[in-house]
Amino acid sequence: MMLQKKLRHVTRGISQVAPLALIAALAPIATLAAPIEVEFQPPEVTREMVCVHDRPDTEVIAAWKAWDGAALPDLPAEQLRRQLRVLRTHDPVGHFDTIETASRLLQASDPGYSETDHILDRIELLVDAGRFGTIAEEGLVARLEAGKLTSSPRAQFVVAELLLDGRAIERDVARGQELMISSAFASHTGALLHLAELTADGTQVPGWDVAPELAVILAFGSLVGQVDGQICDRMNRIAGEYRRGDLVAENVALSERWFQLSADLGDYNAAWQVAQIQSEQQAVEKNPERLLTYLEQAAAAGLTYAKNELGRIYETGAIVPRDLDRARALYAETATRDDRDGMIRLVQLLETLPVPTEADRAEQERYLQVLADSTEPPAWVLVKLGQMALDTRGRWAGEPAAEGYFRRALDIEHAHEFASMRLAVIEMRQVTGYQQFREITSRLQEAAEVHGSSGPMADLQSAFMCRSPRAPQVDLATYWREQEALSGNLTVGLEEEQLRAAVADPESEMLARIQAQALTGRTSSLALLLAMLEGSALDADPELLQALARGAQTGVGVQRARLRMRLDSEAGADSETLALLRQAVEDREIGAQEELLKLLLADGLDDAEREEAENLATDLAGQGNGRAMRILVDLAGGGEDATRSVFDSHAGIIEANGDFEALILALPYLEETARQQDYLGRARVAMVCAASHAVEMARATATLGRADEARQWLDVALAGSQGHDWERVLIADAMLEIADQPENPDQTDIRERAFALYEQGRAEGGRVATMRLMSHHRSGTLPEPLGEAELAELYVDLVEVANLDYLPNALGWLTEEGPEIQGRIGDRVDVVALYTEAAEAGDAQAQFDLASLLRRDPDGTPDLDRYAELLEQAASQGHDEAMLLLSEAYALGLGVEASVETSRGWLLKAAAAGNQSAARTARLLDGTEMN
């Protein structure tokens, strides 16, 4: 009769179940397949806050962890029992003693907490904790059966489960099913759902002929019951069943409706579930307003995960206007409660701030340290702390702390890419033998193989090229360069036409590759992708791409300026390029200040730009930038005194954070051998493995009397050379400088190698190499003097490769040679044509020299008009010799109308310009007039 009454009570609230369906449900069951298809809709009730509120589970757990076990908290018994169930659900083993003690105190202090209640709670605790033997030892089932078992459906259900399970007491299926059915007829939810699940596949249970669908409806109806303080917990169970889809068929929309009703009655956990369902990709109608409403409700109740999710929404601006301050405040609230996710989100948000303050950095470091001190810190947290130690204390001063963090990161995540790379740099500067070096590179190699990324591969390439005790190891360096190329930066190898095509066509085939590289943080690929985004419909978020570049060697703004100059040779220091770099400086992009300073100095400085350059150089030098220190030396007039002054004022920052150029600047001023060795080790890992830096290392070690090391660095420079003319000359010049030092025991060999490089460059049409050979001829420093034929050949090569700026000098030198050389060259080179080309380009010296040639026309019919015109052009540019000859032309009427006054004017201008002959003539004229 109780079952039939309950059936009538439940069916009144089930609008979705037709009477015919209910009749069918009461018929003998047929074979069914789980899960059970049944829809139990929420009832129509007044939406008001009726549910009993408690603190979030995390706070409940924290409070009980701090409980001293002496007296129970001053809470209603039902709330105490609810909190103990939270502990049992969370960690029955870890909280076992706490739950056991609290249950015993509750039994002693609350008459309403019966012996049966206590035994049932204890059995459930022991089952959840896996202590089945204790149930038998304490005779808990016998104690229940000694009472009126039939008067407690819950007791019947618990004992039935134990009898059917057979682990705590002897298994008795018949007795267990009898008690389960009795509990179900008494409307116990667990028993009804147990039998529904058992019979869903058509299994027959003697004494039970209720269809599974009806059993579920009865169970859920029993859960709804009366609208009281615990109704939300019961409705949440129904919603959970539809969400999981284990017993009843999954129905996310119906689950959401139950959770929404529970939330509207005051349950913030249900509000969180509504928000979760709305945010997940499930078969429900998306309603951003609903998501935000219930997420705000859950967050307001103090659920840390709701606060974090709400913070994420405000951080991304997904369904609300972006509000980083609100997001930060929400993350900070959970972080202060030691919420791990909140701390991580806050740290990551602080990382994205364009201009973080000292307080921002301190807050970030504080929470990173908390995460690092936790039981299982993420490896990336330790890597970040290590990098922060280097950034804040200095590259060299921060090494001890950073090394510890990087080693811990590798203990947690073996072959972590960035930890491996950072630690390798620290260890490599202390390398004393090749075996130690190979141990370091083997770890880098493992990181490269595990991650397949270009970072470790690039480091391995550099390691074998210039950091190895046996450097240069060209074969190994080449291998890793080829590996990097396979996974590396597409934009590096693209020709200008390909770059232009990529920028012009966002649908090009290379787009996918560029995007993939951009997503790994390659700033040059990001710059190219951003250029492709401008004026196109390409779907990407520039702010996201900008964020991906953080921590890279250079920022996106810097790379965009470089890309602009690469695509447009006329861009240079134009307003748009300068604007890009100034914005990058404002955004504090890595490398922006240095790039802007270099561009300002390239085209000369006006007063405003000089002040800007001085400020940039001062700021950069204060960060340990050696190139900026060299610029400060130049701006101070150069020389040893200026260099020493700059070193003295920056010695501290060089010691803590000096880059390669700064370390090289400092080396001559270090007296102790140990410090010299330390700085050389630092320079070895700070250098770029290119010819220019290797040459600097060669010069530095030679100056310190380390001849063998200097020769090795010259070999590294040659191996690292890209075959450019200027690189060969740079290396050859350094060889000659080193050969001239008395400490070098093998001067002849080095000199021969140097001149062989010059000759190689000349043979390949290198202008700088050819000019350098001519310079050595004129100074008499060639290994052997050149014969007439060899010298003539050198002049021919020189005028062929000389640019217009240099050509007048070359031709001027030629006029100093004897007639034999000039004759040999005249047969092969049209000297007048070369002079004419330079003169027409506006070179004053070429204009003067061409005028002189015309005056000495071997045909005896000089073009005096052209002669005077060329002198006029050269004189107007300040050429004092042209002024003197022009004065003579006006005095004699050579190609111009004779004019004593004009002649005197040009004579005085020549004298004022420093021409001594003109000055003497002017004084004589003044004396004649005085007499």
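Me: Taking a salt bridge as a side-chain nitrogen of Lys or Arg within 4 Å of a carboxyl oxygen of Asp or Glu, how many salt bridges does a search of the whole structure find?

Reply: The search of the whole structure finds 52 salt bridges. This is a predicted model, in which local features need pLDDT of at least 70 and side-chain atom pairs count only at pLDDT 80 or more, whereas totals for chains, interfaces and linings use all residues. Residues are numbered from 1 along each chain as its sequence is written, and side-chain values use heavy atoms, with hydrogens and water left out.

Me: OK, pick one for me. What does aspartate 264 form a salt bridge with?

Reply: The partner of aspartate 264 is arginine 47, and the closest N and O atoms of this salt bridge are 2.5 Å apart. Aspartate 264 sits in helix H14 (residues 252-264) while arginine 47 sits in the loop between H2 and H3, so the pair ties together parts that are 217 residues apart in sequence. Helices here are DSSP runs of H or I with at least four residues, strands are runs of E with at least two, and both are numbered from the N terminus.

Me: And how does arginine 47 count in terms of relative accessibility?

Reply: Arginine 47 has 47% relative accessibility and therefore counts as partly exposed. The scale calls a residue buried under 20% relative accessible area, exposed over 50% and partly exposed in between, with a 1.4 Å probe and protein chains only.

Me: What about glutamate 78, which residue does it form a salt bridge with?

Reply: Glutamate 78 pairs with arginine 85, with the closest N and O atoms 3.6 Å apart. Glutamate 78 counts as partly exposed because its relative accessibility is 36%, and arginine 85 also counts as partly exposed, at 33%.

Me: Now arginine 429: which side chain does it meet in a salt bridge?

Reply: The side chain of arginine 429 meets that of glutamate 399, at 3.0 Å from N to O. This pair links distant parts of the chain, 30 residues apart, since arginine 429 is in the loop between helix H23 (417-428) and helix H24 (434-451), and glutamate 399 is in helix H22 (residues 399-412).

Me: Is arginine 429 buried or exposed?

Reply: Arginine 429 is buried, with a relative accessible area of 11%, and glutamate 399 counts as buried too, at 8% relative accessibility.

Me: Switching to covalent links, how many disulfides does the count come to?

Reply: The count comes to 2 disulfides, where a disulfide is a pair of cysteine sulfur atoms within 2.5 Å. With bonded cysteines counted along the chain, the pattern is 1-2, 3-4.

Me: Start with cysteine 51. What does a disulfide join it to?

Reply: Cysteine 51 is joined to cysteine 232, with 1.7 Å from S to S, and this link is right-handed, with 80° about the S-S bond. The two cysteines are 181 residues apart and link distant parts of the chain, cysteine 51 being in the loop between helix H2 (19-26) and helix H3 (57-65) and cysteine 232 in helix H13 (residues 231-244). Both cysteine 51 and cysteine 232 are buried.

Me: And for cysteine 466 and cysteine 689, is the disulfide left-handed or right-handed?

Reply: The S to S distance of cysteine 466 and cysteine 689 is 1.7 Å, and the torsion about their S-S bond is about -40°, so this disulfide is left-handed. Here too distant parts of the chain are linked, 223 residues apart, with cysteine 466 in helix H25 (residues 454-467) and cysteine 689 in the loop between helix H38 (673-686) and helix H39 (691-703). Cysteine 466 and cysteine 689 are both buried.

Me: Backbone next. Which residues does a cis peptide bond join?

Reply: A cis peptide bond, with omega about 0°, joins alanine 471 and proline 472, and proline 472 lies in the loop between H25 and helix H26 (474-487).

Me: What is phi of serine 187 near?

Reply: Phi of serine 187 is near 70°, which is a positive value in a residue other than glycine. Serine 187 has its place in the loop between helix H10 (173-185) and helix H11 (189-199), and with a relative accessible area of 13% it is buried.

Me: Where does alanine 415 lie?

Reply: Alanine 415 lies in the loop between H22 and H23 and has a positive phi of about 70° although it is not a glycine. At 3% relative accessibility, alanine 415 counts as buried.
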